[in-house]
Amino acid sequence: SSLLPKTVLWILDCINSECPLCLPGLILFFYFVLYLFLAGMFSFCMYMMLLTLSPYTPTHRDRVSPPGVMIRPYLHGFTIAFNVSEPSTWKPYVNSMHHFLQAYNNNVQEEKNIECQAGQYFIQDGAESKEKKACQFKRSQLHSCSGIEDPTFGYSTGQPCILLKMNRIIGYRPGYGTPVSVDCAIQKGNASALRSVDFYPGNGTFDLMYYPYYGKLTHVNYTSPLVAMHFTDVKKNDFVPIQCRLNGEGIVSDVNKDRFLGRITFTLSITM
């Protein structure tokens, strides 16, 4: 009545018989059992491995990589080109900025996040799965680049704003206790092509209170801090290559193989 003895008898009958279909049937049966066993072993190994992993933080973090950076607006590569007298050329950049900053609206931040003490890391204890609080970063902190007083972010006057943000890294504490700052300069060519840049908030630093980041599962309302770069005096009617860098302890910005690690290069082309 058992399936196993019947299977064994069937195999023995196939071996002793001269049926031409028996040998292919045995081969197919062998591979069916083999792959079924391998699939079971693979599933068991995956299950045991997943038991050792945390969904909240990386299990192995012997070395936390320094952050990369990105800019907004980012539409069609790293060339921001527009004609001041033709609004259709700069309105896409303005719309992109407004869309990106919606999460930073003052009322949204006041509703979802808390005010934190500036100048120190916001370290939160408790269970790893406990939902973490996030510090407010209001778009009004970006002053002239907030889009509140000037809804065109300076693009209508040929003085564009560009936002810089660091990539999120779980558990990373930038600067080793000292805020990371941003500076910008001409990458190649005449340094006089970039005569003036204003940074917001403050002197263009990422305050420590926004770190560490605890991951999207628990830090659900977290909004990355920003540094706004207001290019108030840039050479017009030319292509101006600009490189902006992070500065601080533990920051790496000189790796040629990764042009986004601690720095970013873009081109401004402003036509009057």
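Tutor: Start with Lys138, which is buried at a relative accessible area of 17%. This is a predicted model, where local features need pLDDT of at least 70, side-chain atom pairs count only at pLDDT 80 or more, and totals for chains, interfaces and linings use all residues. Residues are numbered from 1 along each chain as its sequence is written, and side-chain values use heavy atoms, with hydrogens and water left out.

Student: Why is Lys138 called buried?

Tutor: Buried means under 20% relative accessible area, exposed over 50%, partly exposed in between (1.4 Å probe, protein chains only). Lys138 has 17%, so the label is buried.

Student: What makes Glu110 partly exposed?

Tutor: Its relative accessible area is 46%.

Student: Why does Arg195 with Asp233 count as a salt bridge?

Tutor: Their closest N and O atoms are 3.1 Å apart, so the pair meets the definition. Arg195 lies in strand S5 (residues 194-200) and Asp233 in strand S7 (residues 227-234), so parts 38 residues apart in sequence are tied together. Strands are DSSP runs (E, at least two residues), numbered from the N terminus.

Student: What makes Lys235 and Asp238 a salt bridge?

Tutor: The N to O distance is 3.4 Å, so this pair qualifies too. Lys235 is partly exposed at 38%, and Asp238 is partly exposed at 30%.

How values were computed: Salt bridge = Lys/Arg side-chain N within 4 Å of Asp/Glu carboxyl O. Helix = DSSP H or I, 4+ residues; strand = E, 2+ residues; numbered from the N terminus.
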